[in-house]
Amino acid sequence: MYAKTYPNKRFKLTLEFLEKHISKSKRILDLGIKNPFSEIMGSRGYQVENTKGEDLDLDTSTIEDSDAEVVTAFEIFEHLISPFTVLQSIKANKLIASVPLRLWFSKAYKSETDLWDRHYHEFEDWQFDWLLEKAGWKIIERRKWTHPTKQIGIRPILRWFTPRYYIVYAERV
């Protein structure tokens, strides 16, 4: 997945946000299979368990059976048909989730080779807020950041000042 690029800025800002809100004594269920960022969390002292690769639109049993105190979901909800169902199934009272924001100058992402690596949703911040609130979450803090590239062109220039990522810390209402 990160063969050509490694998201250093995204991982750095995500880790800072996580460390600001979540104590290392809390058990975390990270939605999605084990990945480079879940390994970073583990190396920083967090107790992290991942879902097993099941289709979370159809099977939320790992989430429902988890006794984790915190759920993290980093760039997961845009891949789901029904993130509302997943958000409702979470038993933990704390959630840190990030999504890529919809870019008005770019189509939704779709990998031609990996059926799991496609975006069904590309959120605007207000849409993601509404989804969380409707699923029973209160947003405590939010942050956005850009994702500049070193390519030449109109789109790469727009990426220097158009926020691409949105992260929230929320608690169960």
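Predicted model: local features only at pLDDT ≥ 70, side-chain atom pairs only at ≥ 80, totals over all residues.

Tutor: Arginine 10 belongs to helix α1, and although tyrosine 165 is 155 residues apart from arginine 10 along the chain, the C-alpha atoms of the two are separated by 8.0 Å.

Helix α1, which covers residues 8-21, packs with helix α2, residues 36-43, at an angle of about 45°, and their axes are 11 Å apart. The two helices are therefore oblique to each other, since an angle under 35 degrees would count as roughly parallel and one of 65 to 115 as roughly perpendicular. The crossing of α1 and α2 is right-handed. On the α1 side the contact is made by Phe11, Thr14, Leu15 and Leu18, while α2 contributes Pro36, Phe37, Ile40 and Met41. Sorted by class, this contact of α1 with α2 holds 7 nonpolar residues and 1 polar residue, with no charged residues.

Turning to α2 itself, the residues Phe37, Ser38 and Met41 are buried. These three lie on the same side of α2, because they cover an arc of only 100° around its axis. The cover over the buried residues of α2 includes helix α1 together with the strands β1 (27-30), β2 (47-50) and β3 (70-74).

Note on methods: Residues numbered from 1 in each chain as written. Heavy atoms only, no water. Axes fitted to C-alpha atoms, helices over the stretch in contact; angles between N-to-C directions. Helix = DSSP H or I, 4+ residues; strand = E, 2+ residues; numbered from the N terminus. Parallel < 35°, antiparallel > 145°, perpendicular 65-115°, else oblique. Left-handed = near helix turned anticlockwise from the far one by under 90°. Contact = heavy atoms within 4.5 Å. Nonpolar A, V, L, I, M, F, W, Y, C, P; charged D, E, K, R; others polar. Buried < 20%, exposed > 50% of the residue type's maximum accessible area, 1.4 Å probe, protein only. Arc of directions from axis to C-beta.
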